[in-house]
Amino acid sequence: MESLVSGLLHEPLSQEVQNAIFLPWIEGAFGPMLPHLRRINEAHVVMLADTGLLSADHAAALLDVVEALAKEGPDAFTLDSSLEDVYFNYEAQVIQRLGQDVGGRLHMARSRNDLQSTLDRMRARQSARDLMGGTLALRRALIERAKTYADCVMPGYTHMQHAQPITYGFYLLGIENGLQRDFTRGAQAYAHLNQCPLGAGAMAGTTFAIDRELTAALLGFSGPMPHALDAVASKDAILELLTAALFVSTTFGRMAQDFYTMSTFEFGTLTLPDSLAITSSIMPQKKNQAVLEFVKGRQAHLLGAMVTAFGAFRAAPYSHVLDANADSLHWVWQALDELNGLMPVVRQIVERAEPNVERMLALAGANFATATDLADHLVQSAGLSFKEAHHITGRVVRLALEAQVPIREIGPELVSRAALEASGRDLTLTGDEISDALDPRKAVARRCHGGGPSAHDMAELLLQSETRLAEDEAALKRLVEAQQSADRTLDDRVDKLRQRAGTSGTASR
């Protein structure tokens, strides 16, 4: 039995190889890649006709078949793993419908190598736009909730211990600030993805006088990749996108961990709706935050995809090889698709999580969370160095703990005793001074220097976030509109070419 794809090879792939390697690869990639393959073939045929490498009649015939296969979809194909990959399965249908002489012209001036690299980049660009859009929507939700709860005082934690009072709105805006950088990483990845490998051939370009700029423009790329070998050897732009996605999942995963803790009975500072929880099969009282668990766990999928990708590239030749250029992406598409599918869920969590305002405020004023403000007051009112004020306040806390005096009942005598014991200083504060210094609401209001939770700083932080969000939304809109414009141009060129050759009808998109 002869090979179906080569005049050199006199045997096809062994059935074991087909079943273990090529069939799963082809079946997994064919459906998602088919729309992109259609567009690449249209752009390639238009370019070949423009440069005189393909007659108008041949171009129209090819475009008719490309159109028909697009309408029929994956059902038009009976996938054959002996054909080695997605493209040869596609090409086999073209040749079956048009014959070898016409159908075989589709692959002129290109290789599976530059074709596959272009397919990967087009699929990754779509994933990148989806990720950027999902990130922007999540940021919008965080900003809106931050506005709503800008004055909802809650305890801030370091090392998971009470630290200083903040607000729930301030916390949410911190997450949004992290996602700003994550968006930038995605945008940078998109810029690197947005170069077209077509024309690179197998690795050294082509002998045909093609127009790479035209093909790139018709597919919405910013331009062709300048170096043919690099165009088929590299997948780093896709891995850069994967890295950006990992950052996004890490940012919202850390938020999910906080929500997970805050929603426990012991904390009781946050409530999520029943639609975002599950119950127990045996314990009827349980409201399990399984959705948060899945949100936290999604980072592992991306991290696993990244380990596979970099593991496949490690010490791979700088050329087209399938361990680096195919196996490296084995988990990437699934991981990216899952993340993009999860983004609306994360946004819903943000929008529907309700803070327990009273519980938050009570905890913000408990466990000596405002002790720093007492130390600051000693510096500002008594002229102490902060080091001395820190020691005195630490002794205040120690004495209160030993005497089981809650923070709200700390009085002048205890502070005076602490100052004497800690530094030998005779220090007297009034009860109002102490109460004011230790009040969690006032502690928040005082933090108006350095991007803190006060109303003053929150106004500036919200303005910055909204301004940056508007800029990023406009940037994504430009990317989407550029792609839509390229799509319309390609549609128009395809229609005109088919009409010029005398074919009836226009391509329906």
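Analyst: Happy to! Let's start with Phe-88, which is in contact with Val-5, Leu-83 and Arg-112 once its neighbours within four places in sequence are set aside; contact means heavy atoms within 4.5 Å. Before going on, please keep in mind that this is a predicted model, in which local features need pLDDT of at least 70 and side-chain atom pairs count only at pLDDT 80 or more, while totals for chains, interfaces and linings use all residues. Residues are numbered from 1 along each chain as its sequence is written, and side-chain values use heavy atoms, with hydrogens and water left out.

Phe-88 belongs to helix H3, residues 86-98. Helices are DSSP runs of H or I with at least four residues, strands are runs of E with at least two, and both are numbered from the N terminus. Phe-88 has a relative accessibility of 15%, so it counts as buried. The cut-offs are under 20% relative accessible area for buried, over 50% for exposed, and partly exposed in between, with a 1.4 Å probe and protein chains only. Gly-104 sits 16 residues from Phe-88 in sequence, and their C-alpha atoms are 11 Å apart in space.

Stepping back to the whole protein chain, you will find 19 helices and six strands. Buried residues account for 48% of the 509 residues. The C-alpha atoms fill a box of roughly 100 × 50 × 45 Å along the principal axes. The radius of gyration is 31 Å, whereas a compact globule of 509 residues would have one near 23 Å; this radius is taken over C-alpha atoms, and the globule rule is 2.2 Å times the number of residues to the power 0.38. Of the contacts between residues at least 6 apart in sequence, 74% join residues at least 24 apart.

Now for the helix pairs. Helix H1 (residues 15-50) and helix H2 (residues 56-72) pack at an angle of about 170°, and their axes are 10 Å apart. Here the axes are lines fitted to C-alpha atoms, for helices over the stretch in contact, and angles run from 0 to 180 degrees between N-to-C directions. H1 and H2 are therefore roughly antiparallel, as angles over 145 degrees count as roughly antiparallel, those under 35 as roughly parallel, 65 to 115 as roughly perpendicular and the rest as oblique. On the H1 side, Arg-38, Asn-41, Glu-42, Val-45 and Ala-49 meet a set of H2 residues that includes Leu-62, Leu-63 and Glu-67. By class, this contact has seven nonpolar, one polar and three charged residues. Ala, Val, Leu, Ile, Met, Phe, Trp, Tyr, Cys and Pro count as nonpolar, Asp, Glu, Lys and Arg as charged, and the others, Gly among them, as polar.

Helix H9 (residues 236-262) takes part in two further pairs. With helix H6 (residues 168-193), H9 packs at an angle of about 170°, the axes being 7 Å apart. That makes H6 roughly antiparallel to H9. Sixteen would be spelled 16 in your notes: the contact has 16 nonpolar, five polar and five charged residues. H6 passes H9 in a left-handed crossing, where left-handed means that the near helix is turned anticlockwise from the far one by less than a right angle, and right-handed that it is turned clockwise.

With helix H10 (residues 290-313), H9 packs at about 155°, and the axes are 8 Å apart. H9 is thus roughly antiparallel to H10. Their contact divides into 17 nonpolar, six polar and two charged residues, and H9 passes H10 in a left-handed crossing.

Most residues other than glycine have a negative phi. Ala-315, not a glycine, has a positive phi of about 60°, and at 72% relative accessibility it counts as exposed. Val-321 lies in that loop between H10 and H11 and counts as partly exposed at 21%. Val-321 touches Ala-316 and Ala-326, leaving out residues up to four places away in sequence. Asn-113 is 208 residues from Val-321 in sequence but 9.2 Å away, C-alpha to C-alpha.

One more loop is worth a visit. Gln-404 lies between H15 and H16, with a positive phi near 55°, and is exposed at 72% relative accessibility. Pro-406 is also in the loop between helix H15 (386-403) and helix H16 (412-423), and is partly exposed at 28%.
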